[in-house]
Amino acid sequence: MFMGEYQHSIDEKGRLTIPAKFREGLGASFVITRGLDQCLFVYPPEEWKALEERLKTLPFTKADARAFARFFFSGAAECEWDKQGRVNIPPTLRDYAALQKECVVIGVSNRVEIWSKDRWENYFAESEGSFAEIAEKLVDFDL
């Protein structure tokens, strides 16, 4: 399980250090793709395979299912660590998530998310007041 929030810098070549405890959970190779809310989602191989299998069950006759699969899979890149424990994030993904200098890396249960610091702070500030309301809506999930 991934959890926690860490601040790191991305260099001019697009390399980002990921916390050691996240690297262990992600394994030697992993998948980075466009996430929701303009961040990046990072999956270990077994989670990516499980997600891929679930998405395969969506009916390709539905426009929304096709659109989401295109969005999700077209942005995906299989990545590996360099010797310093950094990942080189492809330019298209850096552009999508507006990763320039300061980044926030967070653990979200089965995945890691990479955010630009500004976007994360804005998202958190806008959402903070509604967390109690969101929790009430999720009470049916026995949280």
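The 19 positive and 24 negative charges of the protein have mean positions that lie 7 Å apart. Lys and Arg count here as positive and Asp and Glu as negative, with His and the chain ends not counted; each charge is placed at NZ of Lys, CZ of Arg, CG of Asp or CD of Glu. The model is predicted: local features need pLDDT of at least 70, side-chain atom pairs count only at pLDDT 80 or more, and totals for chains, interfaces and linings use all residues. Residues are numbered from 1 along each chain as its sequence is written, and side-chain values use heavy atoms, leaving out hydrogens and water.

Six helices and eight strands form the secondary structure, in the order β-β-α-β-β-α-α-β-β-α-β-β-α-α from the N terminus. Helices (H or I, at least four residues) and strands (E, at least two) are DSSP runs, numbered from the N terminus. The C-alpha trace spans about 45 × 35 × 25 Å along its principal axes. Buried residues (under 20% relative accessible area, 1.4 Å probe, protein chains only) make up 36% of the 143 residues.

A closer look at one residue follows. Arg 94 sits in helix α4, which covers residues 91–97. This arginine is buried yet has no salt bridge, and the nearest side chain of opposite charge, Asp 95, is 5.9 Å away. A salt bridge would need a side-chain nitrogen of Lys or Arg within 4 Å of a carboxyl oxygen of Asp or Glu. Leaving aside residues up to four places away in sequence, Arg 94 touches Ile 10, Lys 13, Gly 14, Asn 88, Ile 89 and Leu 99, where contact means heavy atoms within 4.5 Å.

Definitions and conventions: Buried < 20%, exposed > 50% of the residue type's maximum accessible area, 1.4 Å probe, protein only.
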